[in-house]
Amino acid sequence: MKQRVIAVYLPDSKNFINQFYGLYYSLVFKTDLYKKFDLLVSGPSSIKRKIPSKYCHFVATDDLSSNPRFCYRYSGNSYGYLNSFIPFVDQKCKDILLRYEYCLRVDVDTFACPGLHNIECAKDEIITGNAAYSSETARIRLPEIMSNLNLKDQNIHNIGSTWYSATQDMINAGEETIKYVEYFLENHFSKHEGSWPQWYAGVILLYAGHLAINSSGLKITKTDKLDYYSTSSNKVTDYYILHCWHTDSFFSKHWFMNDRYKGRKTISDSLKCNEYSYDCITKGVENFS
């Protein structure tokens, strides 16, 4: 029995499904990480037939963001990013996750690197990557909010979206994150306010995760080995997870989505992060779509 599981949410969208194939390829063909990690994939029932059965659990889940509690108060539109935390509140997902000692939470636009074999997490620790949500405004408001809510604050900013910890700790932090998403929608973004990169409703999930992780009581270890850039020419062996940020530099998921790499050959034996990313998603789509 494996001790580790990767939790990922997958919408029924061609672009997201292609990104998942890149992640899957990185685990099962590009590396042998499948020997240590299984995958828990949650999403609408319509994608079940598109998910490889090998090393994957699939749980069909409802759209959590369609609940009025998780809609923007000023527009009524759903906050769809919330769905990526469904694995931590859906009971069927939790039952599967709890078969494993450790859980890695990733966004779908990521690739696993060989170095992930070396990740180690102590008791009462959570390992995270880096993000970029802490504008000058956020650095003022987030501690104020935590103080107003009487939350203990470790004052760790720019916590990335990739998390690794003991499974029960991950579930607890995920449940708290969803709770704080509702809080932000109700109390801080009840009207249209701000724009990126300042105080911005589009990254409520990261603000909510900031509150959940900082108040969790877990030791927070941030590392650039998680959520590292898919555009880097550094050696992929030095990292755990590559993440596709918004960029026009190679490798860009947006360029890939729009066929702007058409005709570009992959370099399968390259150790550069950008070439590795391109090879994973290109071969993943070729093999599974």
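The following conversation goes through the fold of a predicted model, from the whole protein down to single residues.

Colleague: Before we start, how are residues numbered, and what pLDDT do local features need?

Modeller: Residues are counted from 1 along each chain as its sequence is written, and side-chain values rest on heavy atoms, with hydrogens and water left out. Because this is a predicted model, side-chain atom pairs count only at pLDDT 80 or more, totals for chains, interfaces and linings use all residues, and local features need pLDDT of at least 70.

Colleague: How many helices and strands are there in the protein?

Modeller: Both kinds of element are DSSP runs numbered from the N terminus, helices being H or I over at least four residues and strands being E over at least two. Counted in this way, the protein has 10 strands and seven helices.

Colleague: What is the radius of gyration of the protein?

Modeller: This value is taken over C-alpha atoms, and the globule rule to compare it with is 2.2 Å times the number of residues to the power 0.38. For 289 residues the rule gives 19 Å, and the protein comes close to that, so it is as compact as a globular protein of that length, with a radius of gyration of 18 Å.

Colleague: What percentage of the residues in the protein is buried?

Modeller: A residue is buried under 20% relative accessible area, exposed over 50% and partly exposed in between, using a 1.4 Å probe and protein chains only. By that cut-off, the buried share of the 289 residues is 54%.

Colleague: In which order do the seven strands of the open sheet stand?

Modeller: Two strands pair if DSSP finds at least two bridges between them, and the pairing in this open sheet is mixed, with the seven strands in the order β3-β2-β1-β4-β7-β6-β8.

Colleague: Why is one side of β3 and of β8 left without a neighbour in the sheet?

Modeller: β3 (56–60) and β8 (219–222) are where the sheet stops on either side. One side of each is left without a neighbour because each stands at an edge, with a single partner strand.

Colleague: What is the handedness of the crossover from β1 to β2?

Modeller: Six bridges join the parallel strands β1 and β2, and Arg4 stands opposite Phe37. A crossover is right-handed if, with the strands pointing away from the viewer, the path from the first strand over the helix to the second runs clockwise. Here the chain passes through helix α1 (residues 14–30), and the β-α-β crossover is right-handed.

Colleague: How many residues of strand β2 are buried?

Modeller: Phe37, Leu39, Val41 and Gly43 point one way from β2, while Asp38, Leu40 and Ser42 point the other way, and all are buried. For β2 (residues 37–43), the count is therefore seven of its seven residues.

Colleague: What angle does helix α4 make with β7?

Modeller: Axes are lines fitted to C-alpha atoms, for helices over the stretch in contact, and angles run from 0 to 180 degrees between N-to-C directions. Helix α4 (residues 167–187) packs on the sheet and touches β4, β6 (125–130) and β7 (159–166), where contact means heavy atoms within 4.5 Å. Its direction makes with that of β7 an angle of about 140 degrees.

Colleague: Is Thr177 buried or exposed?

Modeller: Thr177 is found in helix α4, and, leaving aside neighbours within four places in sequence, its contacts include Phe85, Trp163 and Leu205. Its relative accessibility is 0%, so Thr177 counts as buried.

Colleague: How many residues of α5 are buried?

Modeller: Helix α5 (residues 204–214) lies across β6, β7 and β8, and what covers its buried residues includes α3 (136–148) and α4. The helix is largely enclosed by the rest of the structure, because the number buried is 10 of the 11 residues.

Colleague: What is the relative accessibility of Arg264?

Modeller: Arg264 lies in the loop between α6 (253–257) and α7 (273–288). Leaving aside neighbours within four places in sequence, Arg264 is in contact with Phe250, Glu275 and Tyr278. Arg264 counts as partly exposed, because its relative accessibility is 38%.
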